[in-house]
Amino acid sequence: MAEAQARLQALSEEYQKLQQDLQAAVDARQKVEAQRQENTGVQNEFDRLKDGESIYKLAGPILLKQDKVEAESTVKGRLEFIGKELERSENQIKEVQDKLEKKKGEIIQAQAGIQAPGAAPAKAAVKA
């Protein structure tokens with residue numbers, strides 16, 4: 001009985017660790033999503049620029065004039081990278097969720113194993 005309780009405790013701790021991993025993955029995905037939205041907004045601003053208007057890049061405390069083609073290329077590259085990061089984050093979240101479901105099943109089985117032996121003597125006592 002003590003061995004089953006110890007196993008259940010270990011499974012519960014593993015489940016809690018997986019929940020923390022899931023929360024960390026969701027937080028990371030939210031940060032990447034915020035970056036995507038910011039860069040999409042920058043790209044939309046570029047689309048609204050008229051010919052001859054200047055683009056400035058903040059580098060520390062200084063604004064540096066930047067070529068429009070270079071700036072658009074940089075933002076496009078960032079958006080591609082962010083898209084790949086979002087996909088990676090989604091896969092990581094799905095993987096952790098799958099592990100959580102598997103661990104949940106193991107916990108349910110362990111609980112059933114603990115309860116089943118205790119239920120058998122009670123049924124025998126009722127028959128007597």
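Lys and Arg count as positive here and Asp and Glu as negative, with His and the chain ends not counted. Each charge is placed at NZ of Lys, CZ of Arg, CG of Asp or CD of Glu. On that basis, the mean positions of the 21 positive and 22 negative charges of the protein chain lie 5 Å apart.

This is a predicted model: local features need pLDDT of at least 70, side-chain atom pairs count only at pLDDT 80 or more, and totals for chains, interfaces and linings use all residues. Residues are numbered from 1 along each chain as its sequence is written, and side-chain values use heavy atoms, without hydrogens and water.

**Fold and dimensions**
- The protein chain has 2 helices and 2 strands (DSSP runs: helices are H or I, at least four residues; strands are E, at least two; numbered from the N terminus).
- Their order from the N terminus is α-β-β-α.
- The C-alpha trace spans about 95 × 25 × 15 Å along its principal axes.

**Surface and contacts**
- Of the 128 residues, 19% are buried (under 20% relative accessible area; exposed is over 50%, partly exposed in between; 1.4 Å probe, protein chains only).
- Among contacts between residues at least 6 apart in sequence, 76% join residues at least 24 apart (contact: heavy atoms within 4.5 Å).

**E72**
- E72 sits in helix α2, residues 68–127.
- E72 counts as partly exposed because its relative accessibility is 30%.
- Its C-alpha atom is 10.0 Å from that of I55, 17 residues away along the chain.
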